[in-house]
Amino acid sequence: MIFFLIINIFLQNPAIEVGDKYLKAGRPDLALEVYNQIYNISKDTPEGYLALYKMSLASLALGDTLSALADLNILRKKFLPDTLASNVYKSLINLEKDTLRRIGIGLEFVELYPEAASRKKILKLILQLASESNLESEKILRLMKINASDYYSKSTESELGYYFLTKQPSLALLISHYAQDKLLQARALFYLDSIVDAYMMFYSLQKDGVLRYEFLKILERGGLPEQELARALVLAPEDEKTAFELARILFIKKLSVRKLQKYQEKNRLFESLLLAQKDPAKAIRFLLNQEEGTFRNYLLARLYAGLKSYANALYFAQKLPDSLIYNNFKIELAKQCLESGIHTKEIATLLKTVTRYYPLSERDSLIYVYNILNGFKDTILEQTLLENGIRLPSLPLNVKDIIVKDSVQVIRLLYEKRRYEELLRFAKGKELPEDLKPVIVEALLNTGEAIKALKLIEKDATLYPGLYLKVLSELPPESIKNILLPKDQIKNTDIKYLYVIARKIKRPEILNKVKSNRAKFYYYLLTMKPDSAVLFYREGNKADLTILDSLLLLEGMYQKLIELSNNLNPLYPLDLKIIKYKVAAYKALGRFNDIIEELKDFESLVHDEYIRIHLAEAYLRTGKKHKAFLLLLPLDSRVAMEMRSKILLKKNYIASIKKEYLSSEDRLSYYLKMKDIQKLLSFIPRNRNEALSILRFLVRSKKRDFFQEKAKEYLDSLIIKKPDVAYLLSLFYSLRGNTDSTLFYLPYAFDEAKAEPLFELGNYVLKAGKQEDAIPLFQRALRYASDTLKSLISFRLGNLMFLKKDYMNALNYYRMSLREKYRRIEKDILHNIVLCFKNLNEPDSVIHYYSLIRERYCTDSAWVSAGLSLGYFLLTHDRLEEAIGILDEIEGIGHEKDIVETLYWKSKAYIGRKMLRQALVLLQRIYVYHQHLADWRDTARLEAARIFIALGRKEKGIGLYKTVLKIRGSKDPLGAQAEKELKIFGD
């Protein structure tokens, strides 16, 4: 009986008061003796528990913390009155040093004593401890769920949502709807990679003038559009983390970060950013004392480079990852070093870490310079650069190398170093030997002086045939007149120049004067004979492949183009050019997944509008709107804006669409969604489907005159046919309840538009209550239907079979409907499949489909309702452990009624497992914290009363029965039940 005695021990025991007086008087030793005597006499009574608690206070006053903790831990294991429990657990939390154990003790109290007055304060305290310690623990989640369940409000729901934000963003999104928290919703969408929705929500939230971290990350992933970044700079970062990210971006873009200096106190790297723009040397000293990290290494490398301390700059740059941002800096640093005459092995090591960069030919030109400076000439690398249209870079020149040399040696040296402007200046006015003529000609060509080069080389064309053709190929067509063709001396590598000349002057026949397969290849290219050109194509020559691909694309030989264009790296300009042709071929064949596969690893690196537009279109065509949106974000061309408008239209962000960027196809959809009758009446449909869309809208809008007028216009123009009009008229009259007219027109609609009128007729017959007559109409319609309509018809037939209790046939139709993937009714289909399996008594299938609903609709309220149904189903099938597991998942999530129902079914599962104390706590939480839900509250009281009596706490149980009876009266079912059980258990 001692467990249910509720007494004020402080007033009833004079001996306790004596001990208290000693304690207040500063004599804890005497107080301890008094309390100890009471405890020894009254062990395992409420009085004894109080005495033991007072003993712990006296021990603490004496400085004996270990004894105090021992006494408190003894009490912790007892079933204490609420007030005493509060004091015991508060003391334990205060004395415990380990944060995780403090949280555990607090959680224990919150779970065991739901009626304690100080429970909310302790819960708030340990939640604060949990957030400050940044612990990821099941205990923290348990606390969050209790907080959301028992102190139900939008704010407690939001707090739970933020707990799930990075761990289970789908749950965070679901909770954001219950909490009506738009910021949480926007953030959850970001972590779910629903970029369009997240972007639009963050955009709408900007009216409060705050820049959010996730919105900044969207801009960064989209390539930091200048306009968007400028808008972000006007907003105030929401916290230090966001401010630092913004400062990092600004610093990398070489913009000032001073506007953000007020955030530096809580971020040490922030301080270094500010120092870097004021005092680089001081910033370096500061950073060297900071923790190792990527951005810290980047700052150090950049600061050392600015001070021309290249050895240190290279050391820290080598630590940076192979990423777009840092690779830009690595290229810049390597260039600075080489231009300064530094060509140590660290530069080669640095350049080898760069693979994610466009164009890679820029990296390769630096590697080429490095190799030359170190005495190694890589002819393959040189050829790669030349093929990609990269002028071989000039090399550093040491003045002292020139001083001791004569004019010829200097010219040759300048030529070797590719310092062509200096070469020509030095050679001007000097008498030079004949064998230097090719050197001067090459220098003139490399400085854009092709006419001068021709005058110099023309007389010696037969001596230097390759160089002569090279000069001619650089001339405009009108300057190419007499061609001295030394056909027997032309090398295979020089035939390309002859091809360029032949193309410019439109005389492909000059290629026939050279006996070479390569000449034949070029001849067939110029005469537009791709089949023949392919036969003479030398595989592996990418420069030739570029020209061949352009012709194959023009002639529609898409598959051949794709076959030839393999093993390409779009980070090289020449390869990218070939890939553009390949992408165009894939597009012509409708192979959008292949476009994605070709480019997906390079989309953030190649800032080429053609590639971005086509990749975005491929993503759009394959349903990946969010990826397409990111690619389009930095682009402002009309094509890009049209595609962005298309995405916004599909996502129903109508208000954000600029009409001038809508294609004609999208304008119709826009006017339909806006319900703009005037625009629809003036819209000229391009095909039958567009015409029918307009007429369907007019039928449903009750604009009969407009409908008849437009139907006649479209019929006269032959864009629609008579069966279409008959179908629309039947639909018009069925919507207005005119049975005779509906049945009159429907038969005339069967000639061509078979499935839709049959479906409408079936619906009409069904509404009239003739289920058996509707079934054959739907079955006939199913034979002609496809896609969405097929799914709807199958679903309707499944429902009719279900009403006939033909569950197997109903299942077949539901599964057929599910295969068509009509998302709008998928949830209902799955729910009905569950009902079929319940009626067929197949529990494993019921569980499977409930789980499928939860898997597919994890951001929808169906996740909660299916979890509740599944938990209840498992409970009724005596699978109690599984039921508890499912109900644990959904606890604290949903509307308040869902939360209470979850607690109740979980308590029933605990009762089934004979875990009465755990069940009792859940029931107490229902009737203490959810009192306005009267039925659940009093049902929980009745259940709790039975448990109290079973645990030997009869008075507590009887008190609950009396409460229910008093509130509800004996005529109410719950009141009558309380009265009945009161007679059984009462005195």
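Helix α30 supplies the largest share of the lining of the largest pocket, six residues. Helices here are DSSP runs (H or I, at least four residues), numbered from the N terminus. The model is predicted: local features need pLDDT of at least 70 and side-chain atom pairs count only at pLDDT 80 or more, while totals for chains, interfaces and linings use all residues. Residues are numbered from 1 along each chain as its sequence is written, and side-chain values use heavy atoms, with hydrogens and water left out.

The largest pocket holds about 1500 Å³ of space. A pocket is an open set of points on a 1 Å grid over the protein atoms alone, where a 1.4 Å probe fits, with protein on both sides within 12 Å along at least five of seven lines; lining residues have an atom within 4 Å of a point. Of the 38 lining residues, Gln383, Leu386, Glu442, Lys470 and Tyr497 are the closest to the centre of the pocket. At least two lining residues each come from α23 (360-373), α24 (379-387), α26 (407-416), α28 (437-446), α30 (465-474) and α31 (495-505). The lining comprises 15 nonpolar, seven polar and 16 charged residues, where Ala, Val, Leu, Ile, Met, Phe, Trp, Tyr, Cys and Pro count as nonpolar, Asp, Glu, Lys and Arg as charged, and the others, Gly among them, as polar.

A separate topic is the pairing of α20 and α21. Tyr310, Ala313, Leu314 and Ala317 of α20 meet Phe329, Lys330, Leu333, Gln336 and Cys337 of α21 (contact: heavy atoms within 4.5 Å). The residues of this contact divide into seven nonpolar, one polar and one charged.

Terms used: Grid points are joined across faces, edges and corners, and a volume is the space filled by probe spheres set on the points.
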